[in-house]
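Dear colleague,

I am handing over the structure we spoke about, and below it you will find my notes on what was found. Please read them with the structure open beside you.

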4 protein chains.
Amino acid sequence: MIYLISDYSLGAHPKVMQALMETNLEHTDGYGLDRFSDECTELIREWIGKPEADVHYFVGGTPCNTTTISAGLRPYEGVITPSAGHIYVHETGSIESTGHRQFAMPTKDGKLRPEDIETALLHHEDEHTVIPKMVYITQPTENGGVYTKAEMTALSECCRKHNLTFYIDGARLGTALTWPENDLTIQELADLADAFYIGGTKIGALFGEALVLTHPEKFDDRFRYMIKRQGALLAKGRLIAVQLKALFAGGEDSLYFALSRHENEQAIRLANGIVEAGYELWVPHQTNQVFVIMDNAKIAELEKEFVFYTWCPYDENHSVIRLVTSWGTTEEEVDALLKAL
Amino acid sequence: MIYLISDYSLGAHPKVMQALMETNLEHTDGYGLDRFSDECTELIREWIGKPEADVHYFVGGTPCNTTTISAGLRPYEGVITPSAGHIYVHETGSIESTGHRQFAMPTKDGKLRPEDIETALLHHEDEHTVIPKMVYITQPTENGGVYTKAEMTALSECCRKHNLTFYIDGARLGTALTWPENDLTIQELADLADAFYIGGTKIGALFGEALVLTHPEKFDDRFRYMIKRQGALLAKGRLIAVQLKALFAGGEDSLYFALSRHENEQAIRLANGIVEAGYELWVPHQTNQVFVIMDNAKIAELEKEFVFYTWCPYDENHSVIRLVTSWGTTEEEVDALLKAL
Amino acid sequence: MIYLISDYSLGAHPKVMQALMETNLEHTDGYGLDRFSDECTELIREWIGKPEADVHYFVGGTPCNTTTISAGLRPYEGVITPSAGHIYVHETGSIESTGHRQFAMPTKDGKLRPEDIETALLHHEDEHTVIPKMVYITQPTENGGVYTKAEMTALSECCRKHNLTFYIDGARLGTALTWPENDLTIQELADLADAFYIGGTKIGALFGEALVLTHPEKFDDRFRYMIKRQGALLAKGRLIAVQLKALFAGGEDSLYFALSRHENEQAIRLANGIVEAGYELWVPHQTNQVFVIMDNAKIAELEKEFVFYTWCPYDENHSVIRLVTSWGTTEEEVDALLKAL
Amino acid sequence: MIYLISDYSLGAHPKVMQALMETNLEHTDGYGLDRFSDECTELIREWIGKPEADVHYFVGGTPCNTTTISAGLRPYEGVITPSAGHIYVHETGSIESTGHRQFAMPTKDGKLRPEDIETALLHHEDEHTVIPKMVYITQPTENGGVYTKAEMTALSECCRKHNLTFYIDGARLGTALTWPENDLTIQELADLADAFYIGGTKIGALFGEALVLTHPEKFDDRFRYMIKRQGALLAKGRLIAVQLKALFAGGEDSLYFALSRHENEQAIRLANGIVEAGYELWVPHQTNQVFVIMDNAKIAELEKEFVFYTWCPYDENHSVIRLVTSWGTTEEEVDALLKAL
């Protein structure tokens, strides 16, 4: 079986595994208080040009999002998200479990826009209403779409105008940063956001996300307490930093960027081949996810050889399938799928 | 100044005050374990034709809603509400404070419909998503609209088909039940719902809402623990029952219905007079709230003599105002406003 | 039957009822934004000598405690309480429902002491442990004991030394303030505490507690949002202020002090009579609760005529009963009990 | 520097790393729905003799404890723990963050006893009080003490008598099971408990704990929703199972038992050497933690060469230090410490 179901279906890139092996027998303090975490933090600060940024490490996106968002809100404050946002559609109410509302704003394409923020702000009148206080987006979006520099700048300016905290979920950030048409550098993103995370799980690591607080004063000043209380402080915390160091070292020339480019390239090959084969894409293709409208009989046939996700029904006879490339997707695997079409 | 701002701007109907005075020096147990609460519960059970219903008393709608909804959901379950629903727009995230999501469904007129429930159910796929498990509406709606028997039956059937708990907030239930065109009796409503409350605060009481669980098995079986934990168990609990007994005694001939009819009648006089005076209503008028589109200069003028709520902007020069009648609104007060137009 | 079970078994003092009657038909804004609330707040500020204090009104102690404590803590902070404290033993985990730990410190007599606070502080090491950040006591204690000025000062100094917020639950504050041996004025208490509430429910009101924040900067600066979110903002909020104004007007010469003295006096008569009749008190008597060791047969006999609470077993044949006097307890009722012994 | 500070200061046993390397390039579904998780679950079921047990995997003890405990309680129920229990002293209020009380019972030696449970049960009277509904212990205790079969049986019987759920935290379970004087097999423990977890992080894994529900009907029936909502579902979930399979394969002859024995043996060598060197142990030594009373000057000297934890002050001139052996502690490291004494 060939897996195109997700970017977390296999282990880590061999160089990441090698880093884990090489450091395996070194003793360090636990819970992220170790030299690897310090080194990775310095590496990230230099890379993004923010020597004062706070950096924290998580094993996954959900604990990172839940901790960060709850650490940036008072109890009666909520977070604005596109209604297709990951925290709204795929985290089982983790945000609400900390007592906070999500203002889920419908969008035409999964991208939040300043006018959506303005609409959400109308929810607040006085002490009878929840105060929208933070904006959450993912870069790229849940559908793979890449916010342009202009779009991201507009969101950031809207947040600053209304004193909202701007937080960007970067579970697949590398694929956005290396997308051919992308015009937004990570340094610029760090300027525009108050917090963001750089995701490793889906681009070459066993697990690991680096949360960057460029405006730590907008979050609880005992952030590590919030992480621990959320159950999200890994005992052998260095494991995350060891992996991310291996991925991030080199910045634009890093393994992280190389793997991200690889994911994009294979996805482009997929998307182009699919269109050439006469199929219609559900949304314009960007980054490492390709959504295709396909008739149900063909889907059943493909499922004998390929593992992928049927995203939603399209019409009576068709559904939308999602194909995802990962750091380990080979040209042969893509060719096999294209051939099967 | 003449108050048309709300139906809680003055005290209780004199007969309610008299009941409080007459029972003031009787000793009883606390926390609702008293003869008045028992008697009021029997009265309600007979009235609605549900001898097995559980009845609990609250001082207000927010603690009633929060307790009831959280007592009917598992942690990963949420409640479907029209996006104009009271719990979503005017309770400062009380539902979320108990860890539950609200699925806020946009509606054209404030009324939830079965298709909105079906749409909300699409949010649930698997353990990565919140399960919609309860439906919340108010009768009448936040805009005063009255669900017809056909509409309410359709909602109830949709809930039963999908194994959803159906809960109706009746903060102003009397005004719906006595609305001239209403075709849904309280006995029928009790059949269609799994839980509902009959509100006293806005129709003649100092405070007090009677929650009726017609399907108590759909809620936590230690319901009083949930009330106490929410901080909603009144020490002198009988005060609620004493008032509601005075209001509810007599069923269709009760003081509650008489006051509800009075609120409706004065609102009808208001609405008719306003239209005759050449103003446009924002939404078709039902029950005791009248929403009027008015130019801002006129609003400023009216505010010198009348106290009311400016609901929302309409266009550059106009806003929507809300006029509310209460059990104590006099003909003279209504006439004064109509004259001022 | 004669009720000595609690101080909330009957309604309000006639003068309180009269105040409610007299103001019943006046229109005001809702939710505590009315002239009565403003006037009561001014009255309290003058009485306690704190013109800058914030005052908020609640219908009961549990919502007051839960709102205040959660509004004064970050998520990873907890509150120190004597293990016999009301929030620990009789509020069904309302504090924990807001996500906060109670550090329940065993005491010999229900009174917290600075050494107990010091012990609790040992719980905090680093981000793996909850930070004790607030101290909660009741004056008088759950057993009726009155903290002396020296004791209260020591607690306050300990709190200030360790930067802890000091909050005093005064559900029965009047009985402590008017206790014959009491040496602590309300003005002094207001100086020593960061927040406290003056309870009306148990001393003459239908319901109502006035929360005083003498150091509002130690609590959430949007305190009314916290109240509403907790479901604790009464629609006809003025009802609390109307009652408390009637009780508090006059300060030392107020109805509140007169009723408190009455409760104490009848309790003293009870306690003295009980000891004279040869029974042993469980704890030294102070304020309006009397705890008596009594053999179980005698208890069964008394229960035919009197309603009271059997507090806990004492030994195989004896239990502890609690007798409580209220604003309405008559000399005759006390005499009847003493005669029955 | 020689690390004796914890059992999570280095990586995983080489055989565990090898298992990760060997399976690294295999594609599987995510979130624990993979063949390795299924195989590990079967392995555990066979090992403990419970073919019907539910097994779930976590990256650490805190998310495991928080999810399991909150999934086994109604909102107004709490968990009984020794006051030295890990959830009470080292998890930053994670349990309270889910709204539940911990009844922290003082013990003489860190071990909970049936009489402590009976005492905690006295906290429950009625709807004004939290219901103790679960019992939490760690095997071994936070001080390393091993519950005997008789002690564990007594706890289990007490729980069953009172309908309490019995949950055992086995972060270091292997060291208890292989302790020379231990008389309780894992099969017996599985019979006595309703749920327990077998910890990998501290005995040879990079991370990973296997939660076993032997009575899944006592917990939420949508347990995976609870895990995800807590943010505790690892994307590449198989990583835990791959490691634990490598550790657990073989049961009594497993690598897990071998490493546990090694930790114990080195700790015994440490403890014996320390006593021979004239130092006093703080508590009788069991399993892989050794607590030593040492004068502060000597501690300062040792800290130049060794990394360990100063647990608490003992008297003015002495403190208690904690020395912990891990799967990787060498004889030479132990000898070095003994020599330094």
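**Sheets, helices and a chain contact**

In chain C, 7 strands make up an open sheet with mixed pairing, and their order is 2-8-7-6-5-3-4; helices (H or I, at least four residues) and strands (E, at least two) are DSSP runs, numbered from the N terminus, and two strands pair if DSSP finds at least two bridges between them. The edges are held by strand 2 (54-58) and strand 4 (102-105) of chain C, each with a single partner strand, so one side of each has no neighbour in the sheet. On average, neighbouring strands of this sheet are turned by 20 degrees against each other, direction ignored, where axes are lines fitted to C-alpha atoms, for helices over the stretch in contact, and angles run from 0 to 180 degrees between N-to-C directions.

Please keep in mind that this is a predicted model, in which local features need pLDDT of at least 70 and side-chain atom pairs count only at pLDDT 80 or more, while totals for chains, interfaces and linings use all residues. Residues are numbered from 1 along each chain as its sequence is written, and chains are lettered from A and ligands numbered from 1 in the order in which they are written.

Within the chain C sheet, strand 3 (residues 77-82) runs parallel to strand 4 and is joined to it by 4 bridges, with C:T81 opposite C:A104 in strand 4. Helix 6 (residues 114-121) of chain C packs on the sheet and touches strand 3, strand 4 and strand 5 (131-138) of chain C, its direction making about 135 degrees with that of strand 4; contact here is taken as C-beta atoms, placed from the backbone, that lie within 7 Å. Strand 5 of chain C also pairs with strand 3 of chain C in the parallel sense, over 4 bridges, and C:E77 stands opposite C:I131 of strand 5. With strand 6 (residues 165-169) of chain C, strand 5 pairs in the parallel sense over 5 bridges, and C:V135 has C:F166 as its bridge partner. Of the 8 residues of strand 5 of chain C, 8 are buried, so this strand is largely enclosed by the rest of the structure; a residue is buried if 20 or more other C-beta atoms lie within 10 Å of its own, exposed if 12 or fewer, and partly exposed in between, with C-beta atoms placed from the backbone.

Chain D holds an open sheet of 4 strands in the order 9-10-13-12, with antiparallel pairing, and its edge strands are strand 9 (280-281) and strand 12 (309-313), each of which pairs on one side only. Strand 10 (residues 289-295) and strand 13 (residues 318-324) of chain D run antiparallel and are joined by 7 bridges, with D:M294 opposite D:S319.

In helix 1 (residues 14-23) of chain D, the buried residues are D:V16, D:M17, D:A19, D:L20 and D:T23. Their cover includes helix 1 (14-23) of chain A, together with helix 2 (35-48) and helix 11 (238-248) of chain D.

Finally, the contact between chain D and chain B takes 12 residues from chain D and 12 residues from chain B. 100% of the interface residues of chain D are also interface residues in chain B, so the copies meet through the same surface.

Best regards

Technical notes: Contact = placed C-beta atoms within 7 Å.
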